[in-house]
Amino acid sequence: MPDRSADPRVYFAAERTLLAWIRTGIGIMAFGFVVARFAQAGPVPAPDLSPYLGGALVALGVIAIGVGAVQYRRFCQRLPLAVRPSSLAQGLALMLAWALVAVGALLGVAVLR
């Protein structure tokens, strides 16, 4: 039976999975932003649960992206050297993920203000 871990498609699948985590996290953060701002759309903003629920959703999106980045890095470290991507390719994907985590954290703070 051939070694499936030496197949370059394994790395590409891991990269697609990371991108799916990122896409899901961005969607959850965007929904959280909408929920937080929904209460402020009326003529008189009323203090209620919306900003906290929105902040929680933004935090959940940040966590999703962070978890995806950690899993991707761990998986890439376990790949054989023959199919391991260059550190530049791996670094760009991780840089994108961690930049979105930072932006999401700032968005969470802005939502709760």
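Helices α2 and α3 are roughly antiparallel to each other, because an angle over 145 degrees counts as such. Their axes (lines fitted to C-alpha atoms over the stretch in contact, with angles from 0 to 180 degrees between N-to-C directions) cross at roughly 165° and come within 9 Å. The crossing of α2 past α3 is left-handed, that is, the near helix is turned anticlockwise from the far one by less than a right angle. Helices here are DSSP runs (H or I, at least four residues), numbered from the N terminus.

The model is predicted: local features need pLDDT of at least 70, side-chain atom pairs count only at pLDDT 80 or more, and totals for chains, interfaces and linings use all residues. Residues are numbered from 1 along each chain, and side-chain values use heavy atoms, without hydrogens and water.

Two residues and their contacts (heavy atoms within 4.5 Å), leaving aside neighbours up to four places away in sequence:

| Residue | Contacts |
|---|---|
| I22 | I65, L96, A97 and L100 |
| Q90 | Y11, Y72, R73, C76 and P85 |

Q90 sits in helix α3. Its relative accessibility is 10%, so Q90 counts as buried (under 20% relative accessible area, with a 1.4 Å probe and protein chains only).

Conventions: Helix = DSSP H or I, 4+ residues; strand = E, 2+ residues; numbered from the N terminus. Parallel < 35°, antiparallel > 145°, perpendicular 65-115°, else oblique. Buried < 20%, exposed > 50% of the residue type's maximum accessible area, 1.4 Å probe, protein only.
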